[in-house]
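I opened this notebook to record what I looked up in one structure.

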Amino acid sequence: MLHRFEVANIKCGGCARSIDKALRADLRVTGVEVDVEKGVVSVQATDDAREALRAELLRLGYPEAGSAAGLEALAAKGKSFVSCAIGRLGKE
(Lines give C-alpha, C1' and ligand atoms only; values in the text may rest on other atoms or scores of the structure.)
Protein backbone atom coordinates (compact mmCIF):
# COMPACT_ATOMS: atom_id res chain seq x y z
CA MET A 1 0.00 0.00 0.00
CA LEU A 2 1.17 3.54 -0.73
CA HIS A 3 1.20 5.87 2.28
CA ARG A 4 1.58 9.57 1.42
CA PHE A 5 2.57 12.18 3.98
CA GLU A 6 2.75 15.94 3.47
CA VAL A 7 5.34 16.98 6.04
CA ALA A 8 6.96 20.12 7.41
CA ASN A 9 10.66 21.02 7.63
CA ILE A 10 12.09 19.16 4.60
CA LYS A 11 14.77 21.42 3.17
CA CYS A 12 17.35 19.38 1.24
CA GLY A 13 18.80 16.05 0.18
CA GLY A 14 20.24 15.54 3.67
CA CYS A 15 16.72 15.60 5.08
CA ALA A 16 15.59 13.18 2.38
CA ARG A 17 18.46 10.75 3.11
CA SER A 18 17.69 10.74 6.84
CA ILE A 19 14.00 10.10 6.19
CA ASP A 20 14.73 7.37 3.66
CA LYS A 21 17.19 5.56 5.93
CA ALA A 22 14.97 5.72 9.02
CA LEU A 23 11.80 4.59 7.28
CA ARG A 24 13.52 1.73 5.43
CA ALA A 25 14.61 0.34 8.82
CA ASP A 26 10.98 -0.77 9.28
CA LEU A 27 10.69 -4.27 7.78
CA ARG A 28 7.18 -3.46 6.55
CA VAL A 29 8.58 -0.79 4.19
CA THR A 30 9.49 -1.77 0.63
CA GLY A 31 10.07 1.68 -0.85
CA VAL A 32 10.49 5.34 0.08
CA GLU A 33 10.36 8.43 -2.12
CA VAL A 34 10.93 11.94 -0.79
CA ASP A 35 9.93 14.98 -2.84
CA VAL A 36 11.88 17.80 -1.18
CA GLU A 37 10.28 20.60 -3.22
CA LYS A 38 6.72 19.52 -2.44
CA GLY A 39 7.42 18.33 1.11
CA VAL A 40 5.91 14.92 0.37
CA VAL A 41 7.08 11.54 1.61
CA SER A 42 5.61 8.52 -0.18
CA VAL A 43 6.15 5.13 1.41
CA GLN A 44 5.33 1.72 0.03
CA ALA A 45 4.53 -0.43 3.06
CA THR A 46 1.99 -2.78 4.58
CA ASP A 47 -1.44 -1.42 5.48
CA ASP A 48 -0.76 -1.51 9.23
CA ALA A 49 2.44 0.60 9.05
CA ARG A 50 0.91 4.09 8.65
CA GLU A 51 0.83 5.12 12.32
CA ALA A 52 4.38 3.88 12.94
CA LEU A 53 5.62 5.76 9.86
CA ARG A 54 3.86 8.95 10.99
CA ALA A 55 5.41 8.60 14.45
CA GLU A 56 8.89 8.03 13.00
CA LEU A 57 8.59 11.11 10.80
CA LEU A 58 7.59 13.14 13.87
CA ARG A 59 10.51 11.69 15.86
CA LEU A 60 12.89 12.79 13.10
CA GLY A 61 11.41 16.32 13.09
CA TYR A 62 9.18 16.03 10.03
CA PRO A 63 5.59 16.10 11.35
CA GLU A 64 2.61 15.96 9.04
CA ALA A 65 1.86 19.47 7.80
CA GLY A 66 -0.39 21.32 10.21
CA SER A 67 -0.18 18.69 12.96
CA ALA A 68 2.39 20.46 15.17
CA ALA A 69 2.01 23.92 16.69
CA GLY A 70 3.76 26.11 19.22
CA LEU A 71 6.54 24.43 21.17
CA GLU A 72 5.93 21.09 19.46
CA ALA A 73 6.53 22.73 16.06
CA LEU A 74 9.66 24.43 17.37
CA ALA A 75 10.97 21.14 18.77
CA ALA A 76 10.25 19.41 15.44
CA LYS A 77 12.18 22.11 13.59
CA GLY A 78 15.20 21.58 15.87
CA LYS A 79 15.04 17.80 15.39
CA SER A 80 14.83 18.25 11.62
CA PHE A 81 18.07 20.28 11.64
CA VAL A 82 19.84 17.41 13.41
CA SER A 83 18.32 14.81 11.03
CA CYS A 84 19.35 16.95 8.07
CA ALA A 85 22.94 17.23 9.32
CA ILE A 86 23.13 13.49 9.87
CA GLY A 87 21.77 12.90 6.36
CA ARG A 88 24.38 15.23 4.88
CA LEU A 89 27.18 13.43 6.72
CA GLY A 90 25.88 10.09 5.47
CA LYS A 91 26.02 11.21 1.83
CA GLU A 92 27.79 8.61 -0.24
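Entry 1, the pocket. I worked from a predicted model. I asked which helices supply the lining of the largest pocket, and found that helix 1, helix 2 and helix 3 (70-89) each give at least two residues. Helix 1 contributes the most, with five residues. I then looked up the lining as a whole: it is made of eleven residues, and R17, S18, K21, I86 and G87 are the ones nearest the centre of the pocket. By class, I noted three nonpolar, four polar and four charged residues in this lining. For the space inside the largest pocket I recorded about 190 Å³.

I next looked up how helix 1 (residues 13-24) and helix 2 (residues 50-60) are placed: their axes come within 10 Å and cross at roughly 140 degrees. The two helices are therefore oblique to each other. I noted the crossing of helix 1 and helix 2 as right-handed.

I listed the residues where the pair meets: S18, I19, A22 and L23 on helix 1, against L53, E56, L57 and L60 on helix 2. Sorted by class, this contact holds six nonpolar residues, one polar and one charged.

Note on methods
Residues numbered from 1 in each chain as written. Predicted model: local features only at pLDDT ≥ 70, side-chain atom pairs only at ≥ 80, totals over all residues. Heavy atoms only, no water. Axes fitted to C-alpha atoms, helices over the stretch in contact; angles between N-to-C directions. Helix = DSSP H or I, 4+ residues; strand = E, 2+ residues; numbered from the N terminus. Parallel < 35°, antiparallel > 145°, perpendicular 65-115°, else oblique. Left-handed = near helix turned anticlockwise from the far one by under 90°. Contact = heavy atoms within 4.5 Å. Nonpolar A, V, L, I, M, F, W, Y, C, P; charged D, E, K, R; others polar. 1 Å grid on protein atoms, 1.4 Å probe; cavity = no way out; pocket = protein on both sides within 12 Å on 5 of 7 lines; lining within 4 Å. Points joined across faces, edges and corners; volume = space filled by probe spheres on them.
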